[in-house]
Amino acid sequence: MLNEFTQVLTIAGSDSDGSAGAQADLKTFMACGTYGMSVLTAAVAGNSYGIHDSVNMPVSFIQSQIKDIKDDFKVSAFKTGMLSDSEIIHTVADAIKDKPFGTFVLDPVIITKHGAMLLEAEAYQTLIDELFPLADLITPNFYEAKKLSGLELENREEIIKAAHKLRKLGPKNIMIKGEHSDDSISEVEDYVLLEDGQSFWISEPYVKTDHINGTGDTLSSCIVAEVAKGKSMEDAIKIAKTFTYNAIRHEIAVGHKYGPINHFIKDDIQ
């Protein structure tokens, strides 16, 4: 008798050094005991020193990938990552508006953890208008939440206010990830606002390391996997936070500069 695996999907870019993007998602899916599939939206040439080239996939090819997944597999949950321009965002939104892949976690790849914009103004607005209303959860980092809310997020009260402002953009659940670009902090604290109005703070110790590539991808893809396996959104978020923390603190020697986190820690998943 064949073993049945929970099936999950990432719609994201390919990162050639394996540290982020679809590669990080697929590693996380496997670590979480799910069968991961991918629809590639772009491909990046890069290594631990930086990104040196990139290319977007043709829209027709993105459509073909999504159609082939739809036509054959039973996907229980999925996520989106890097969606480079308005045309790609619109293509993905149109393909998933009937919710063929279950729970949708949107990792809004808008601004880096150091505050650099990744999307042009038009694509930024298209993402908000077309994908946010479809999302079951969005996971903006500190800088993305600042831009999306228009607030400085200087204290807990502003972060809470920001989460409620983001809810008005359409997503059912909000997870605002805490700032982690300052070596002076001791904890990375995230705030979660759930669909039913409940909320909570969740934190793990700050780890000073250059091996943090793929943290956002890993967090969101772990949530996808755990929800697909039947966990509540709250429990999935808590499991993902712990998993990502352990992947950061158990460093691996890959690359000469800014390296990946460690996905070989599946025993830490509860």
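What do the buried residues of helix 4 pack against? The legends below take up this and other close-ups of a predicted model.

**View 1. The buried residues of helix 4 and their packing partners.** The buried residues of helix 4 pack against helix 3, strand 5 and helix 5. Ala 123, Tyr 124, Thr 126, Leu 127, Ile 128 and Leu 131 are buried in this helix. Helix 4 spans residues 121-131. An α-helix has 3.6 residues a turn, so residues three or four places apart point the same way.

**View 2. Helix 3 beside helix 4.** The axes of helix 3 and helix 4 come within 9 Å. They cross at roughly 10 degrees. Angles under 35 degrees count as roughly parallel, and helix 3 and helix 4 are therefore roughly parallel to each other. Helix 3 brings Ser 86, Ile 89, His 90, Ala 93 and Ile 96 to the contact. Helix 4 brings Glu 122, Ala 123, Thr 126, Leu 127, Glu 130 and Leu 131. By class, the contact of helix 3 with helix 4 holds six nonpolar, three polar and two charged residues.

**View 3. The largest nonpolar core, with Ile 96 among its most connected residues.** This core has 46 residues. Leu 9, Ile 96 and Leu 131 have the most contacts inside it. Helix 3, residues 86-96, gives the most to this core, with six residues. A second, separate core has 30 residues. Among them are Ala 31, Leu 194, Val 227 and Ala 236. In soluble globular proteins, nonpolar side chains tend to be buried together.

**View 4. Ser 76 and Thr 80 in strand 4.** Strand 4 covers residues 75-80. Is Ser 76 buried or partly exposed? Ser 76 is partly exposed, with a relative accessible area of 29%. Thr 80, in contrast, is buried, with a relative accessible area of 1%. The cut-off for buried is under 20%. Not counting residues up to four places away in sequence, Ser 76 touches Thr 6, Gln 7, Phe 101, Gly 102, Thr 103 and Ala 228. With the same exclusion, Thr 80 touches Ile 11, Val 92, Phe 104, Val 105, Leu 106 and Asp 107. Phe 104 also gives a distance for Ser 76: the C-alpha atoms of Ser 76 and Phe 104 are separated by 9.3 Å. These two residues lie 28 residues apart along the chain.

**View 5. Helix 1 against helix 7.** Helix 1 (residues 21-31) and helix 7 (residues 215-228) pack with their axes 8 Å apart. The angle is about 40 degrees. Helix 1 and helix 7 are therefore oblique to each other. Helix 1 passes helix 7 in a right-handed crossing. On helix 1, the contact uses Gly 21, Ala 24, Asp 25, Thr 28 and Phe 29. On helix 7, it uses Asp 217, Thr 218, Ser 221, Cys 222, Val 224 and Ala 225. The residues of this contact divide into five nonpolar, four polar and two charged.

**View 6. Helix 7 against helix 8.** The axes of helix 7 and helix 8 (residues 233-249) come within 8 Å. They cross at roughly 140 degrees. That makes helix 7 oblique to helix 8. Helix 7 passes helix 8 in a right-handed crossing. Helix 7 supplies Thr 215, Thr 218, Leu 219, Cys 222, Ile 223, Glu 226 and Val 227. Helix 8 supplies Met 233, Ala 236, Ile 237, Ile 239, Ala 240, Lys 241, Phe 243, Thr 244 and Ile 248. The residues of the contact of helix 7 with helix 8 are 11 nonpolar, three polar and two charged.

**View 7. Lys 99 and Leu 153, with positive phi.** Lys 99 has a positive phi of about 55 degrees although it is not a glycine. Lys 99 sits in the loop between helix 3 and strand 5. Lys 99 is partly exposed, with a relative accessible area of 33%. Phi of Leu 153 is near 55 degrees, a positive value in a residue other than glycine. Leu 153 lies in the loop between helix 5 and helix 6. At 5% relative accessibility, Leu 153 counts as buried.

Technical notes
Residues are numbered from 1 along each chain as its sequence is written. This is a predicted model: local features need pLDDT of at least 70, side-chain atom pairs count only at pLDDT 80 or more; totals for chains, interfaces and linings use all residues. Side-chain values use heavy atoms; hydrogens and water are left out. Axes are lines fitted to C-alpha atoms, for helices over the stretch in contact, and angles run from 0 to 180 degrees between N-to-C directions. Helices (H or I, at least four residues) and strands (E, at least two) are DSSP runs, numbered from the N terminus. Angles under 35 degrees count as roughly parallel, over 145 as roughly antiparallel, 65 to 115 as roughly perpendicular and the rest as oblique. A crossing is left-handed if the near helix is turned anticlockwise from the far one by less than a right angle, and right-handed if clockwise. Contact means heavy atoms within 4.5 Å. Ala, Val, Leu, Ile, Met, Phe, Trp, Tyr, Cys and Pro count as nonpolar, Asp, Glu, Lys and Arg as charged, and the others, Gly among them, as polar. Buried means under 20% relative accessible area, exposed over 50%, partly exposed in between (1.4 Å probe, protein chains only). A nonpolar core is a set of buried Ala, Val, Leu, Ile, Met, Phe, Trp, Tyr and Cys residues joined through side-chain atoms within 4.5 Å.
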